[in-house]
Every structure is written in structure tokens, then in C-alpha cells.
Amino acid sequence: MEFVNPEGLRLDGRRPTELRQIRAELGAVAKADGSAVFEMGNTKVIAAVYGPREVRFEYSMANFSTGDRMRRPKGDRRSTEISLVLRQTMEACIMTHLMPRSQIDIFVQVLQADGGTRSACINAASLALADAGIPMRDLVTSCSAGYLNSTPLLDLNYVEDSAGGADVTVGIFPKLDKVTLLQMDAKLPLDIFENVMQLATEGCKAIATELREVSNLMKEINIVGEHKAIGISARGIKSYARWFRLQLCPDCCYTQFLSP
Amino acid sequence: MEQRLANSWRLTVNEKKFIETALLPALRIDGRRPFDYRNLTINFGKHDGSGEVQLGQTHVMAFVTAQLTQPYRDRPNEGSLSIFTEFSPMADPSFEPGRPGQAAVELGRVVDRGLRESRAVDTESLCVLSGKSVWAIRIDLHILDNGGNLVDAANVAALAALLTFRRPECSLGGEDGQEVVVHPPEEREPLPLIIHHLPIAVTFAFFGSESSVVIDPTHHEEAVTGGRMTTTLNANGDICAIQKAGGEGILQSVIMQCLRIATVKAGDITEKLKKAVDSYNTERALKKIKRHPSSTLMDVDGAHSNSREKQSPPAFKKATSEFPSHHTRKSNKLENVEGETNSSEQRNTTKNFIGGPSSWDPYSKGVDPDFLKASLALRGASTASKKQEVSKNEKMHGVAKLEETTKDVNEGFLPVEAAQAEQPTRGEKTLKDAVKPKNRRKKNQSSTGAS
């Protein structure tokens with residue numbers, strides 16, 4: 001099957017080094033300390049953070065998320081492994097030494113899966129943690145890349161992922177430029193792997209700029225909304241939030257964020 | 001949360017500091033250098049498909065079993081490979097009996113990714129009846145002692161077990177050819193699995209912000225480590241899988257350097273594994289030999305040899321009685337050959353034979369060079385005799401090599417000697433090969449005598 005046609009376009013019309021469209025939204029779960037919805041093309045993930053309590057990460061795929069509606073038990077191996085992997089990734093970025101004997105619960109639900117769910121989960125969790133105001137070393141952003149038809153491809157969708165070619169998922173600290181998560185399956189020669197990993201890292205950095213825009217937007221509102229709440233999520237000043245809503249820009253996504 | 005259990009072992013602050021400080025000048029607490037592996041020993045059990053690996057203090061066993069099942073709907077022509085891990089509570093105080101914990105699942109999946117996704121085990125050859133009946137291979141990994149770096153040890157154990165596993169041969173029978181008949185091992189020799197390449201897992205541990213990297217962390221080092229990365233690669237230089245599940249951030253350049261080191265290490269381990277499997281196969285082949293009733297040799301496993309004998313050509317026995325000394329030499333070489341022919345199960349029983357005096361040592365060092373030279377002097381360097389041998393030799397590569405050596409024959413005794421030594425180390429040798437030299441020698445003698 002041809003994944004990259006002679007003109008260099010993929011099945012969904014993207015170029016090999018093009019990311020899917022990203023959409024991020026904060027504050028989707030009203031009750032949570034921090035939450036975010038992250039969309040990468042057709043993959044949609046929602047993450048909610050409760051804490052600080054103690055670090056735990058639960059990954060679950062909604063039954064209706066994949067095309068083939070299957071009953072996926074939560075305790076199955078894939079979920080367990082992904083939970084473990086994502087927990088350790090977030091643990092590396094959260095400054096847990098500032099919150100001893102406390103727990104942070106991160107719940108992630110995959111609403112729509114179209115390849116790259118692991119990456120979307122990490123990105124959503126990073127955003128949710130930022131939304132909750134939990135101190136972090138840096139945002140963690142993640143992206144996947146593959147190698148099909150002798151071309152490195154960025155941000156695989158489901159069809160490309162299940163083609164049997166390599167799938168490299170990279171999670172980095174964009175500011176520190178350090179790799180924290182790296183997973184690969186299928187076979188690749190060493191030099192090609194280097195290219196693919198490089199491409200995935202570039203993709204991560206691009207996502208990082210997008211995410212920063214979203215979280216910056218939030219920070220602005222914090223500063224506008226409450227002088228003493230700089231650096232603290234608006235959630236922390238919930239009691240004032242409703243009062244400040246009226247003063248905030250009515251057409252920005254944060255009207256949604258502040259509503260109960 | 002394994003760390004939170006009451007009976008789990010915790011590293012003291014002093015120990016942690018000590019390990020970290022020692023790593024700065026590249027010193028490890030067990031005296032190894034940063035990129036040294038611990039001692040790896042591979043053993044096999046009595047049954048086919050069981051392997052036991054000891055990597056330093058880490059002890060892992062693997063068992064392979066096969067069952068006929070229905071294939072997955074989306075892959076009707078392929079068999080399946082599944083891995084089950086059991087972290088035995090005796091291995092570590094923090095292991096609990098019952099359902100595998102997160103670490104167990106991760107280990108299983110890393111080994112699984114290396115074997116299945118990289119297509120190391122050929123699943124299409126496991127298909128018996130497309131869409132109805134395929135072989136499901138199940139690998140059980142048991143951790144007996146946790147001395148650190150379970151993934152690497154488990155991976156090697158799984159490979160060792162897979163390489164020595166033999167699945168029963170089955171054929172289609174019944175009225176419409178749709179029924180699968182499984183032949184027991186007494187009826188038909190079981191077949192080995194087709195394994196394309198050997199993915200070896202190499203684990204690195206990262207410490208501190210100075211990016212100290214070590215290979216094959218021990219249990220203590222694992223407790224101190226900030227991050228871990230397991231790379232699975234094969235000796236051909238392909239990367240089969242990488243697992244770096246979070247943990248400390250490291251630079252890309254460090255990752256690439258680790259991969260290069262891992263390639264070298266994987267090569268070493270592949271060599272060790274192959275050697276161990278070869279010697280096991282040799283031993284196993286020895287067990288299958290039917291002993292000549294007049295020979296008074298030790299019987300390694302009497303029951304085995306009697307039940308497993310398939311074709312015992314009469315010429316075999318005749319050969320034994322006729323020229324024991326010559327065949328002593330031959331059988332020594334054939335023993336060494338056995339390891340290289342583990343794919344040809346049918347020939348096993350006919351190749352090795354033990355004749356000669358009862359004091360003959362099956363593990364003797366090999367050919368006596370003086371004896372060789374003497375025999376060569378007798379034979380002379382006759383091309384004709386070589387060609388005769390060539391025509392009788394059935395195997396392709398054996399033929400090719402002999403033909404090559406026939407060209408060199410005129411150059412002197414040395415190449416002939418090499419050929420003589422080489423000839424038994426070829427693949428499948430029939431007993432005709434064993435019989436031939438003697439005849440040839442007689443002919444040469446007569447010919448030289450005549451001329």
C-alpha cells in the first residue's frame with residue numbers, strides 16, 4: 001500500500017514532516033484541580049489532575065474510541081504498560097520533592113483514537129498539570145514518527161501506524177532539550193532510526209510552542225484577574241473566579257474554563 | 001505500588017551517595033567498568049524448549065510450549081506468540097504472588113516487542129490450516145532471583161528456550177484433508193521453530209545529571225538510577241525495540257552512543273547464545289544414538305537412545321567393526337559438526353556413531369595430526385578419488401567445498417590435509433562418506449602399487 005504518493009503527500013494530504021492539526025483546551029473538567037482536552041488530528045484525549053496527593057496515572061481507552069468497538073478491560077497489559085510509562089514520564093517532570101508525602105492523580109481518557117494516543121496523553125497531561133498549577137521542571141511534549149515507503153513520517157495516524165512499519169514515540173523536555181520517553185517497535189537500522197528520532201524531536205518542539213501559547217493565554221488571564229495569583233492557576237482562586245469572569249475577554253476559551 | 005509494601009527493601013542514603021559518588025570516576029560497586037556485562041551462563045533443561053539464564057546474581061527461566069488454536073480473525077495465516085511473566089515471590093521481597101504487577105507486565109511487553117514486532121520468530125510457518133488451526137507458542141518467563149536487569153536475562157532465556165524448542169510435526173489427514181493430525185515425537189521427529197534473527201536486549205541505566213551511563217545495572221544500582229533504557233537489537237545492526245519509560249532526561253547524542261555500544265554487546269551475547277545452543281544440540285544428538293551392542297561405551301541416556309533410533313543402516317555397523325581407528329577420528333569431527341546441523345533433525349541418528357575401543361573418549365580433542373599426515377601420505381593427492389567422493393556426497397555446500405579443494409590438491413599436502421579436516425565438518429554426512437575413505441585408500445594403494 002502506498003503511504004507516500006510520488007508527489008510526496010500522505011494518505012491524509014499531509015507532507016511527511018507535517019504535524020496534524022492541534023487543538024488544546026484547558027479546564028474541561030470542572031471539578032478537577034486541572035484539566036485539559038488535547039486534540040491531534042482525529043485523536044482526542046481528555047486529562048484531569050487531582051492533587052497534590054500522590055503520583056498515580058491511569059490510562060483507559062473509552063470503549064467507543066477505536067473504530068472496532070471492543071470491550072477493553074482496564075487492567076489489560078497494554079493499559080498497564082502505558083500507565084507505567086506515562087507515570088514515569090510525568091514523575092520525571094514534576095518536582096515531587098516540593099510536595100513530599102502527597103499524591104497527584106492524573107486521569108486520562110482517550111475519547112477518539114487515530115494513532116499517537118500515547119503522545120496525546122502525555123501532552124494532555126502536561127497541560128492539565130500546568131492548569132492545576134503543579135510545579136514542573138518543564139512541559140513534557142511528545143510526538144510519534146515512523147518510517148514507511150523509505151520516508152520518515154511525522155505524527156502517524158492509525159492507518160500508518162498499523163502498516164507494520166516502525167513506530168517511534170519520543171517525549172522531551174523542550175526547553176532542556178532532553179529526551180525522557182523513547183519507545184520504538186518494529187525493526188530499523190541504526191542510521192535510519194537516528195533520522196526518525198530527530199524528526200520526532202522536532203515535532204515535539206513544534207507541539208511545545210503550541211502548548212505554550214495555550215498556557216500563556218491562561219497566565220495572562222491570571223495576571224489580569226487577580227494580582228496576587230500570578231503563577232497560580234485560576235483554579236486556586238476559584239472563589240474569585242466567577243466574579244472575575246465578567247472582566248475577562250468574553251470570546252476567549254476561558255469563559256468556558258471559568259464556568260462551573 | 002511495589003515500593004510501598006512493608007517488606008520491601010530500601011536503599012539507605014549512605015549507600016545511595018556511595019554508589020553515585022563512585023560512578024563519577026567510572027567505578028561500580030561490584031568492580032565492573034561502566035560498559036561491562038556480568039557473567040552470563042546459559043543452561044538447558046531436560047525437555048526441549050526450556051532455558052535457564054544466570055546473569056550475575058539474576059536468575060531467570062523460560063519455558064516454551066505450543067498448542068494448536070484458532071488464529072486471530074485478522075491474521076488467519078499466522079500463528080501467535082504470547083509471553084507470560086511470573087515474578088516469583090522468592091526472587092525479591094517486594095514481589096507479591098498473584099497477578100503480575102506493573103514491572104512484570106512491562107518486562108513481558110518489552111521482550112514481546114523484541115520478538116514479535118521485529119518478526120524474529122516466523123509466525124507464518126506456524127500455520128497448519130489457514131483460518132482454522134495454527135500453532136500458538138507460549139513463552140513463560142519465571143524470575144527466580146532478582147539481581148537487577150531482569151529484562152536482559154529474561155530476553156536471553158526466552159531466546160535460548162525458543163532455539164531449543166521443538167514442536168510436534170503435524171499433517172493434514174482425514175476424509176477431506178481438513179483434519180489435523182499431530183504426530184507424537186516417537187513417530188516423527190519434532191521440528192524446530194524458524195527464527196530469523198536473535199534480538200538481544202541491552203539495558204542502560206542513567207545516573208545523576210552528569211549523564212553517567214552504565215550497562216547491566218545490578219539491583220543496588222537500579223534503586224539509585226534516575227532512568228533506564230532497554231534497547232533490543234540484533235547482531236545485524238538493526239534496532240528491534242527501544243524502551244525508555246520516562247525517567248531522567250538525556251541528550252540525543254547520549255542515546256545514539258548507547259545504541260552503538262549496545263550493538264557491540266549484542267554481538268557478544270549472540271555468540272555466547274549460539275555456542276550454548278550448539279553444544280546443547282550436540283549433546284542431544286549424542287543421546288539419540290543407538291549404541292552398537294558390541295561396543296562397551298557409556299550410555300548417556302539409555303532409554304532415550306533406544307526409543308529414538310530411527311534408521312540404523314546396516315552399513316553403519318559394518319563400518320564400525322571394520323575400521324574403528326579411522327572412524328574414531330571421524331566421529332570426533334562429526335561431534336563438532338553436530339552443533340552446526342541442528343536444523344536437520346532427520347539426519348541426526350545416522351551421523352554419529354561410536355565404535356572402536358571402549359577406552360575411546362567421546363570428548364577427545366580431535367584428530368591426531370601425525371596420524372592425519374600418515375594417512376595422507378598413503379592416499380596421495382589423487383584428484384580422481386576426490387571426485388568420486390564428490391559425486392557421492394549429497395549435500396550442496398559440501399560438494400562445493402570439496403570441488404574447491406580438488407583444485408588445490410596439486411599444491412601439496414597441506415591443503416589436502418585441510419580438506420581432509422574440513423570434509424567431516426561439512427553439514428549432513430551420510431555413512432557413505434564414512435565408508436568411502438577407506439575404500440579410496442585401498443584403491444590408491446593399489447594404484448600407486450600398480451604404477
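Tutor: The side chain of B:Arg32 reaches the backbone oxygen of B:Asp36 at 2.8 Å. This is a polar contact, a pair of N or O atoms within 3.5 Å; within protein, one must be able to donate a hydrogen and the other to accept it, and residues adjacent in sequence count only if both atoms are side-chain atoms. The model is predicted: local features need pLDDT of at least 70, side-chain atom pairs count only at pLDDT 80 or more, and totals for chains, interfaces and linings use all residues. Residues are numbered from 1 along each chain as its sequence is written, chains are lettered from A and ligands numbered from 1 in the order in which they are written, and side-chain values use heavy atoms, with hydrogens and water left out.

Student: Is B:Arg32 buried or exposed?

Tutor: Buried means under 20% relative accessible area, exposed over 50%, and partly exposed in between (1.4 Å probe, protein chains only). B:Arg32 has a relative accessible area of 10%, so it is buried. A further polar contact, of 2.9 Å, joins its side chain to that of B:Asp30.

Student: Where does B:Val277 lie?

Tutor: Helices (H or I, at least four residues) and strands (E, at least two) are DSSP runs, numbered from the N terminus. B:Val277 belongs to helix H5 of chain B, residues 252-287. B:Val277 is buried because its relative accessible area is 3%.

Student: How is the size of an interface expressed?

Tutor: It is often given as the accessible area lost when the parts come together. Buried area is counted with a 1.4 Å probe and summed over both parts. Here chain A and chain B bury about 3,200 Å² between them, 54% of it on carbon and sulfur atoms. A:Arg77, A:Lys187 and A:Leu190 supply 21% of the area that chain A buries against chain B, more than any other three residues.

Student: How many salt bridges does the rule find across the interface of chain A and chain B?

Tutor: A salt bridge requires a side-chain nitrogen of Lys or Arg within 4 Å of a carboxyl oxygen of Asp or Glu. The rule finds three across this interface. One of them joins A:Lys187 and B:Asp238, at 3.9 Å from N to O.

Student: Which strand of chain B pairs with E10(A)?

Tutor: Two strands pair if DSSP finds at least two bridges between them. E10(A) pairs with strand E14 of chain B (residues 238-244) in the antiparallel sense, over two bridges. Within this pairing, A:Leu188 stands opposite B:Ile239 in E14(B).

Terms used: Buried area is the accessible area (1.4 Å probe) that two parts lose on being put together, summed over both.
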